[in-house]
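Have your viewer ready and try each task before reading on.

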Amino acid sequence: MTKNEFANGIEDNVPQAIAWFSLKAGKICLGKKPIANAYDKLKMLGVTHIATVQTGEENAPEVRDAALNSGLEWLWVPYSHPSSPSLTDDVYLHQYLNELSKMLSECANIYLHCDGSQHRCSLLFYALCHYLGIPSNSAYNALHSFGRNAANGLSRAELTWAAKLGHAAPKL
């Protein structure tokens, strides 16, 4: 990576403003994986919680450490593929939906991210909308509020999976 590519990556990964979506008493947004100089900026923009939709192999512990060092709360949502291969994975994803919902009830401003594609966090957001009783057409429009990448890269099968995940999760 050249110096210019590195500098461009930093600029691209530190938001100047956040496109929030209000859910319950809190707000949520989707974004890229934060880099070292992004955490303080995210905090200045109103982020209170970072939710990392990545596996340990994707350096999620580094995100945790940086978030906590910046005074942000952190939630780890480790899953690597948009459709769960077993019921056990669904149980964990149901718990994550419940935790996100509870955080939003407590006025959290959540920065939800995965990798640069925003694929997994977009699906999790869509599932969260269904968990909270938002109809599919409204949830899909909400995805579009985060930009075309958040919604247009998702297949109908993935959206169906996420909607079922949200509907099947027990309300705790």
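## Aromatic rings and the core

F21, F125 and F146 form one aromatic cluster. This is a predicted model, in which local features need pLDDT of at least 70 and side-chain atom pairs count only at pLDDT 80 or more, while totals for chains, interfaces and linings use all residues. Residues are numbered from 1 along each chain as its sequence is written, and side-chain values use heavy atoms, with hydrogens and water left out.

**Exercise 1.** Work out the geometry of the pair formed by F21 and F125.

*Solution.* Start with the criterion: rings of Phe, Tyr and Trp (its six-membered ring) pair if their centres lie within 6.5 Å, with planes under 30 degrees apart counted as stacked, over 60 as edge-to-face and the rest as tilted. F21 and F125 are 5.7 Å apart centre to centre, with 90° between the planes, and the pair is edge-to-face.

**Exercise 2.** Decide whether F21 and F125 are buried or partly exposed.

*Solution.* Buried means under 20% relative accessible area, exposed over 50%, and partly exposed in between (1.4 Å probe, protein chains only). F21, at 22%, counts as partly exposed. F125, at 0%, counts as buried.
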